[in-house]
Protein chains: 2
Amino acid sequence: MPKDRAPTRIQKKNRAAILEAALNVFSAHGFRGATVDQIAAEAGLSKPNLLYYFPSKEAIHTALLSGLLDTWLAPLHDLDENGEPMEEILSYITRKLQMSRELPRESRLFANELVQGAPRIHDALSNDLKALVDQKAAVLTHWMDQGKIARLHPHHLIFSIWALTQHYADFDVQVRAILGDEDPFEGAAPFIDTLYRKLLTP
Amino acid sequence: MPKDRAPTRIQKKNRAAILEAALNVFSAHGFRGATVDQIAAEAGLSKPNLLYYFPSKEAIHTALLSGLLDTWLAPLHDLDENGEPMEEILSYITRKLQMSRELPRESRLFANELVQGAPRIHDALSNDLKALVDQKAAVLTHWMDQGKIARLHPHHLIFSIWALTQHYADFDVQVRAILGDEDPFEGAAPFIDTLYRKLLTP
DNA sequence: CGTGAGTTTGACCAGATGGTCAAATCAAGA
DNA sequence: TCTTGATTTGACCATCTGGTCAAACTCACG
């Protein structure tokens, strides 16, 4: 394992290649379904070489998840309590849907983890995520108190946004099997926009 | 393997125990993450004994999925084109949400399969499921033409119902981590009901 | 009972998989 | 160029896993 110094050119390149490959493989097959050989091959490294950069399969997975969690929650984080309520929420929704289109692997990585009980990120959920959601729920409640948006259960409002947007990334195969040639996001964007306009109008 | 005769008392009991155990294990760990030993142990059988009833791990999985698909789609199947539109749809939603509460393992079984690209049920999706959804989408469109419900993309309307209801089964850990003690379904039911009343009112 | 089909099991196997290690090779600064 | 740490690899290992098999056991029924 490399010492504690600044990462070399090669270290940077290989670590990045490994994480990129791991994202492909873990998101497509889940933790248990992914093999170190597969990740190594996709990263263009031999298995022992890969294990020179990360001590174990688990370590790769952990590095991936924690590295992506911030990216994943950024849109919610950006929800601005000083902005125009309806506009803020619709823009949050747009960004989430965009992430489902542009980062489906990340979405499925988390989906895989969650659907199997989140054995490796349970802490992050009940600490960091809960704190963030509670905070934003308070903002939503405040907007409701002001009569700016319809009164609804703020947590379930957030869940509904997650469900509606991530569905298109996580269950992509199903959506495409049913829609055929039609681009899922073409129809999803206006549908979801309409839905929340109607729902949130007081 | 037992002959082609009527199943004996023991066969019935053991097959049922195996499928029940398999549902537990597959829904919690996915196909690849589940082991035959685990299923056998949970069914109270030895591994060779289990493989006396099903020829392979794959066969158990297939039997489970195809056995449950009908159950899973029954609520949509029951959507009655001759019923009162709003009432029919809201009742469909209620039944779907109820399934998330009462049959979360089944939901996660399909979720696991779908999120990993549905390698084992791709055919069922683009044939049976697509046909059913297209047919019900036509019913929805008809109701929209009659002005009974708001005009929306029918397929995405169906997707939204799936997303909102199944979210509570598939991502149960996340929902509970955020809600704490609060019962997810207590809040979800009225939230979703309100949502669709607002959305569908012309 | 006795008997034949149905059921169960311990021992076993081959391949896959996560991980190790010493030796070989490479790269960059003195 | 030489040296030293960084990088890479082939060979190897223990364990896990899906699956097999022959032998043993049990059950239902004539």
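This report walks through a predicted model of two protein chains, from the fold of one chain to the pairing of both.

Some ground rules come first. Residues are numbered from 1 along each chain as its sequence is written, while chains are lettered from A and ligands numbered from 1 in the order in which they are written. Because the model is predicted, local features need pLDDT of at least 70 and side-chain atom pairs count only at pLDDT 80 or more, whereas totals for chains, interfaces and linings use all residues; side-chain values use heavy atoms, with hydrogens and water left out.

**The fold of chain A**

Chain A holds 10 helices and 0 strands. Both kinds of element are DSSP runs numbered from the N terminus, helices being H or I with at least four residues and strands E with at least two. The C-alpha atoms occupy a box of roughly 60 × 45 × 30 Å along the principal axes. Of the 202 residues in chain A, 52% are buried; here buried means under 20% relative accessible area, exposed means over 50%, and partly exposed lies in between (1.4 Å probe, protein chains only). Contacts are heavy atoms within 4.5 Å, and among those in chain A with a separation of 6 or more, 68% join residues 24 or more positions apart.

**Two domains**

An automatic or database domain assignment supplies the domain bounds, dividing chain A into domain 1 (1-55) and domain 2 (61-200).

**Salt bridges**

A salt bridge is a side-chain nitrogen of Lys or Arg within 4 Å of a carboxyl oxygen of Asp or Glu.

| Pair | N to O distance |
|---|---|
| A:Arg105 and A:Glu20 | 2.9 Å |
| A:Arg197 and A:Asp193 | 2.7 Å |
| B:Asp78 and B:Arg95 | 2.5 Å |
| B:Arg176 and B:Asp172 | 2.9 Å |

A:Arg197 and A:Asp193 are 4 residues apart in helix 10 of chain A, which means about one helical turn between them. In helix 9 (residues 172-179) of chain B, B:Arg176 and B:Asp172 are likewise 4 residues apart. There B:Arg176 is partly exposed at 39% relative accessibility, whereas B:Asp172 counts as buried at 19%.

**How the chains pair**

Superposing chain B on chain A takes a rotation of 180 degrees with 0.0 Å of shift along the axis (RMSD 0.1 Å), fitted by least squares on the C-alpha atoms of residues with pLDDT of at least 70 in both copies. The two copies are therefore related as by a two-fold rotation axis. In chain B, B:Ala163 has the C-alpha nearest that axis, 2.6 Å away. The same surface serves both copies, as 100% of the contact residues of chain B recur in chain A.

In this pairing, 53 residues of chain B contact 53 residues of chain A. Together the chains bury about 4,700 Å², 69% of it on carbon and sulfur atoms, and the count between them is 0 salt bridges.

How values were computed:
Buried area = accessible area lost by both parts, 1.4 Å probe.
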